[in-house]
Amino acid sequence: MEHLRWRPTVNERDFIECALQSDLRVDGRHSFDFRKLKITFGREDGSSEVQLGETHVMGYVTVQLVQPYRDRPNEGTLAIFTEFSPMADPSFEPGRPGELAIELGRVIDRGLRESRAVDMESLCVVAGKHVWSVRVDLHILDNGGNLIDAANIAALAALSTFRRPECTVGGDDGQQVTVHDPEVRDPLPLTIHHMPIAVTFAYFGEGNIVVLDPTYKEEAVMGGRMTAIVNSNGDVCAIQKAGGEGVMSSVIMQCLRIASVKAADITSKIKKAVDSYTTEKALKKVKRLPTSVPQKINVTNVTMDGKGDGELEKQSVQMHSDVQQISKDPPTMVKASSREDAQPMTESSNAEVNTSSAVAAGESESHEIGSPKSLKDAIKPKHKRKKKKSDRS
């Protein structure tokens, strides 16, 4: 499918080269300027989208429990997979990956795995039996040039926001792994020591002209390309020079110094975007409440006075019989009994009288609804009706 790739005409090639010799670029940038970078995240953790100019790449991270390699029984694994869609570029062939896809995956894998950017030992669950295998899928949505840098940023952003499930080890043999749901236990982030940033340079005119972040049209005209993977501390993690024109060592050292400055700038942008995403997600997170919420009820202090359960039951039965006896007496006796009941009592007897009065009020024929009735209010209507019957007779 190489014949479907866009090829510049002679006039277009001459125009781009003459503009570069005059320290001008087609899109108006300077020689060592990056295009506008935009980093967004999806709804799920470990999903990111990066737009570098017209280049659009999406990254997605997943994990699963696998057996480790025999030579590294206590380390997890990290794999990079790329998918080039024909929608992004007509030269991309669907199905099997092409040379560009293989090169892209190897460069990013070398920068992340061989530089120990991700702590592999923290991915070990049971040494020699169970480790986490991290998979990073990079989907090329639009090819606007410099796919390596955009895909590298998408992979780092996705790894920074990814959360793996928490697991515990138990069982009789102590090697049974239980993976907990996110609702039960909060997932854990990956341990990332540093961020290796890929910075790509394009060479023109036998290596005399060097530009940063080439576009799609500049890649069609360039004579060579070099990718330097550097972190914010200035450490060189990897260098990729895939053929093309030769470059002097002094030019390479100049490119590494520029790459170190650009790596620090891009690292700060990634961290700022990740912090903004984490803060926004924390604000949207719904607090989980227990199923049964305890209710606060004000209850008066009750002193037991050393009484047993049998004495309390006997006293409650006696109070209930007293209430029934009072209800049968004439109105004059009600007043006397009510005065006697109004004498000070212990807090335990007050609670029992309130309980028995509520029972007596429920048995009466009064249909009034409102606050709890006292003993006098519950008995008074019944004696009024008896008095009327005696008057009639």
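Student: Which elements each supply at least two residues of the lining of the second largest pocket?

Tutor: In this predicted model, the elements are β7 (163-164) and α5. The largest share of the lining, four residues, comes from α5.

Student: How many residues line the second largest pocket, and which lie nearest its centre?

Tutor: The lining has 19 residues. Nearest the centre are D45, R163, P182, P187 and K281.

Student: How do the residues of that lining divide into nonpolar, polar and charged?

Tutor: Ten are charged, seven are nonpolar and two are polar.

Student: Let us turn to the aromatic rings. How many aromatic pairs does a search of the whole structure find?

Tutor: The search finds two aromatic pairs. One of them is formed by F41 and Y277, with 4.9 Å from centre to centre and 35° between the planes. Planes under 30 degrees apart would count as stacked and those over 60 as edge-to-face, so an angle between these limits is called tilted. The pair of F41 and Y277 is tilted.

Student: Which parts does the pair of F41 and Y277 tie together?

Tutor: F41 belongs to strand β1 (residues 37-41) and Y277 to helix α5 (residues 249-284), so the pair links parts that are 236 residues apart in sequence. Both F41 and Y277 are buried.

Student: Why is the pair of F84 and F92 edge-to-face?

Tutor: The planes of F84 and F92 stand at 80°, with the ring centres 4.6 Å apart, so the pair is edge-to-face. F84 and F92 are both buried.

Student: Which residue lies over the face of F81?

Tutor: That residue is R135, at 3.9 Å from the ring centre of F81.

Student: Now the strands. In what sense do β1 and strand β2 (residues 47-52) pair, and over how many bridges?

Tutor: β1 and β2 pair in the antiparallel sense, over five bridges.

Student: What takes a positive phi in the hairpin of β1 and β2?

Tutor: G46 does, with a phi near 90°. This hairpin has five residues between the strands.

Student: How many bridges join β2 and strand β3 (residues 55-66)?

Tutor: There are six bridges, and the two strands pair in the antiparallel sense. S47 stands opposite Y60 in β3. The hairpin formed by β2 and β3 has two residues between the strands, and G53 in the turn has a positive phi of about 70°.

Student: Where is D23, and what is its phi near?

Tutor: D23 lies in the loop between α1 (10-21) and β1. Its phi is near 60°, a positive value in a residue other than glycine. Buried means under 20% relative accessible area and exposed means over 50%, so a value in between counts as partly exposed. D23 has 41% and is partly exposed.

Student: What is the phi of R116, and where is the place of this residue?

Tutor: R116 is not a glycine, yet its phi is positive, about 60°. The residue sits in the loop between α2 (99-114) and β5 (124-126). With a relative accessible area of 38%, R116 is partly exposed.

Key. Residues numbered from 1 in each chain as written. Predicted model: local features only at pLDDT ≥ 70, side-chain atom pairs only at ≥ 80, totals over all residues. Heavy atoms only, no water. Phe/Tyr/Trp six-rings, centres within 6.5 Å; stacked < 30°, edge-to-face > 60°. Buried < 20%, exposed > 50% of the residue type's maximum accessible area, 1.4 Å probe, protein only. Lys NZ or Arg CZ within 6 Å of the ring centre and 35° of its normal. 1 Å grid on protein atoms, 1.4 Å probe; cavity = no way out; pocket = protein on both sides within 12 Å on 5 of 7 lines; lining within 4 Å. Nonpolar A, V, L, I, M, F, W, Y, C, P; charged D, E, K, R; others polar. Pairing = 2+ DSSP bridges.
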